[in-house]
Amino acid sequence: MTQSFDHPLEITGTPPPMVSFRNVCKAYGSLVVLDNLNLDINAGEMVSIIGPSGSGKTTVLRMLMTLEQINGGVIYVDGKPLTHMPKHGKLVPANQRHLRQRRVDIGMCFQHFNLFPHMTALENCMEGPVQVLGMRKPEARARCEELLEMVGMIDKKDQHPSRLSGGQQQRVAIARALAMRPKVMLFDEVTSALDPEVIGEVTEVIRKLVSEHNLTMLMVTHQMGFARDISDRVCFFYGGKIEEQGPPSQIFGNPERERTQQFLSAVR
Ligand code: ADP
C-alpha cells in the first residue's frame, strides 16, 4: 500500500461531516486491518461500531486518536485533515506539531480508565484543561465541577481513584475527557471491564450525553441492546470494512447481509 495524496485539502458541505475516513488503510506487516475504509460521521451523530473480534473496530478509534500512522487515505475532522496537512497545495503526512494541535478535538474513553492515581477525581479532570489548554484554575475547576455533577460524581470529587468503584472511575474518566471540550468523543468498550452491577450507571451517563448534548460520538461496543437503544447509526465491521450499516432498526431488526445475520445470531 502506498500513500495516496489524491484527496481534497478540505471536506466541504454545509456543514461538512465532523469525521471523515477517506480510503483509509492500515496494515500491520502483511495483516490488513483497515481495508480502504470510507466512513462519514455527521456533527451530533452517535455511531456505534459492532463486529467480530479482530474486525478492526478498535483500530478505527486508534487511528482517530492518531496513536499510529495510517498507511493510506486521509482522516478529516471538522472538514480539515487530521492525519495530513496541506503543503504546496497537496496533503503531506502530518508532523507532530500538527497532531498535537488537532488531537485536542478528540476525546477518548477506554475500557481501562487510566485515571492518574495520585490525583483526586477533580484534579484528574482539571489536569488537561490547565496543562494542555492553558485554562486558568478557577475556570477549569468550575467547568470540571459542572461535569462531575453531570456524571453524578460531584460528591466524590475529592476522592482518589483507588477509593472509587470501577463504574465511578469510568464516570470520572468521561468527565475528564469532556473537560477538554472535544468535538468528537470516542468510547471503546467502556463497560467491558466493569462488574455487571455498575454497567448501568456508565451507560446512563452516555445515554444522557446523547439526549442532552449535541456531541459527535463514535462507540465500539459488545452491548448490542445498548447500541440499539442509543445509536443513530450502527456499522457492522467485518475484515476491516463496513459490511453493512444503517439505523439500529435495520441492522438489528432486518439485517440484509448474511455475515451480519450470522454475527447477530451468535451474540444474542
Ligand atoms: P477489534 O477491535 O475489532 O477486535 P482490532 O482493531 O483491535 O480489532 O484489531 C484488528 C486486528 O489488528 C487484529 O487481528 C489484531 O490482532 C491486529 N492488531 C491490532 N493492533 C496490532 C498491533 N499493534 N500489531 C499487530 N497487530 C495488531
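Reader: What makes E4 and E5 count as paired, and which way do they run?

Author: This is a predicted model, so everything here is computed from it. Two bridges join strand E4, residues 72-77, to E5, and the strands run antiparallel. Pairing takes at least two bridges, so E4 and E5 qualify.

Reader: Where do E4 and E5 sit in the open sheet?

Author: That sheet has four strands in the order E2-E1-E4-E5, with antiparallel pairing. E2 and strand E5 (80-81) are the edge strands.

Reader: Why are E2 and E5 called edge strands?

Author: Each of them pairs on one side only.

Reader: What makes E6 and E7 a pair, and what lies between them?

Author: Strand E6 (residues 84-87) and strand E7 (residues 90-93) share four bridges in the antiparallel sense. The cut-off is at least two bridges, so this pair passes. His 84 has Pro 93 in E7 as its bridge partner. E6 and E7 form a hairpin with two residues between them, and His 88 in that turn has a positive phi of about 50°.

Reader: Which residues with a positive phi are not glycine?

Author: Asn 36 is one of them, with a phi of about 55°. Thr 66 also has a positive phi of about 55° without being a glycine. Asn 36 is found in strand E2, while Thr 66 is in the loop between H1 and E4.

Reader: How do you know which label His 98 gets?

Author: His 98, in helix H2 (residues 96-103), has 18 other C-beta atoms within 10 Å. His 98 and Gly 225 are 127 residues apart in sequence and 38 Å apart in space, C-alpha to C-alpha.

Reader: Why does Met 180 get its label?

Author: Met 180 is in the loop between helix H5 (166-178) and strand E9 (184-188). There are 20 C-beta neighbours inside 10 Å of Met 180, so it counts as buried. Met 180 and Ala 140 lie 40 residues apart in sequence, and their C-alpha atoms are 9.7 Å apart. Of the 268 residues of the protein, 40% count as buried.

Reader: What makes a residue part of the shell around the ligand, and which ones are in it?

Author: The residues around the ligand are Tyr 28, Leu 31, Val 33, Gly 51, Ser 53, Gly 54, Ser 55, Gly 56, Lys 57, Thr 58 and Thr 59. Strand E2 (31-41) and helix H1 (57-64) each give two or more residues to this shell. H1 has the largest share, with three residues. By type, the shell divides into three nonpolar, seven polar and one charged.

Reader: Which peptide bond is cis?

Author: The bond from Thr 14 to Pro 15 is cis, with omega near -10°. Pro 15 is found in the segment before strand E1 (19-28).

Reader: How do you know whether the overall size agrees with a compact globule?

Author: With 268 residues, a compact globule would have a radius of gyration near 18 Å; the protein has 19 Å, so the two agree. The C-alpha trace spans about 50 × 50 × 40 Å along its principal axes. Its secondary structure comes to nine helices and twelve strands.

Reader: How confident is the predictor?

Author: The mean pLDDT is 93, and 98% of the residues reach 70 or more. Confidence is lowest in helix H6 (residues 196-212), at a mean of 88, and highest in strand E11 (residues 233-238), at 98. The model scores ipTM 0.97 and pTM 0.93.

Technical notes: Residues are numbered from 1 along each chain as its sequence is written. This is a predicted model: local features need pLDDT of at least 70, side-chain atom pairs count only at pLDDT 80 or more; totals for chains, interfaces and linings use all residues. A residue is near a molecule or strand if its C-beta atom, placed from the backbone, lies within 6 Å of it. Ala, Val, Leu, Ile, Met, Phe, Trp, Tyr, Cys and Pro count as nonpolar, Asp, Glu, Lys and Arg as charged, and the others, Gly among them, as polar. pLDDT is the predictor's confidence in each residue, from 0 to 100. The radius of gyration is taken over C-alpha atoms; the globule rule is 2.2 Å times the number of residues to the power 0.38. A residue is buried if 20 or more other C-beta atoms lie within 10 Å of its own, exposed if 12 or fewer, and partly exposed in between; C-beta atoms are placed from the backbone.
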